[in-house]
Amino acid sequence: KKMFSGVIFDTYQWEQTMFDGSTATFEMLKRMSTVSILATTKENTILLAHQQQPHHDDFISLPGGKQDPGETPLQTAKRELQEESGYTSNEWALYKSYKPYNKIDWEVFVYIAKNCTKTHPQQLDPGEKISISTVSFEEFIETVTVTSNFHGHEIVEDILRMQLGYKDIAHFKKQLF
């Protein structure tokens, strides 16, 4: 049963029978899906968003944002890349999707956008200040793994696993470029 509808989160509660026959109230949040974009340029660089938002410390992230009602995740990724960076691409691939938390019904889609070019001015929301930088693959790996203010723990976890030998980082680089 929906107990609360918020701007970002809806709260649901339900009664669940436990193994011993008793019941308990459980709760879960639901929110719209979000996207992040691993955007590469023809110069073999990766776009990073340096962001300021009210009531948040400055942070670095991949371009991305919330899915609007009626949009597919890919449509969201294309819109967010253009709005936040002014870049567009004709070469898109889904890298991975994540469900970060088991008590929040929320999916994060990470797309790769290859050969991005600057085609538009930024169109930022009133609560965003974003500057875009381009970094080499090696600088990207360092930023993601060393910088404490990088947001996007899913990408951080993947890259750390690659560095530990659980996944092939050379294969990841080939996917991007």
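Sorted by class, the lining of the largest pocket has eleven nonpolar, 13 polar and ten charged residues. Here Ala, Val, Leu, Ile, Met, Phe, Trp, Tyr, Cys and Pro count as nonpolar, Asp, Glu, Lys and Arg as charged, and the others, Gly among them, as polar.

This is a predicted model, where local features need pLDDT of at least 70, side-chain atom pairs count only at pLDDT 80 or more, and totals for chains, interfaces and linings use all residues. Residues are numbered from 1 along each chain as its sequence is written, and side-chain values use heavy atoms, with hydrogens and water left out.

Here are the two pockets (on a 1 Å grid over the protein atoms alone, open sets of points where a 1.4 Å probe fits, with protein on both sides within 12 Å along at least five of seven lines; lining residues have an atom within 4 Å of a point). Volume is the space filled by probe spheres set on the points.

| Pocket | Volume |
|---|---|
| Largest pocket | about 950 Å³ |
| Second largest pocket | about 170 Å³ |

Of the 34 residues lining the largest pocket, Thr 34, Gln 53, Phe 59, Gly 64 and Gly 65 sit closest to its centre. Helices are DSSP runs of H or I, at least four residues, and strands are runs of E, at least two.

The second largest pocket's lining includes Lys 30, Arg 31 and Asp 105, and six of its lining residues are charged.

As for the sheet, four strands line up as E1-E2-E3-E10, open and with mixed pairing (a pair needs at least two DSSP bridges). Leu 29 stands opposite Ile 104 in E10.
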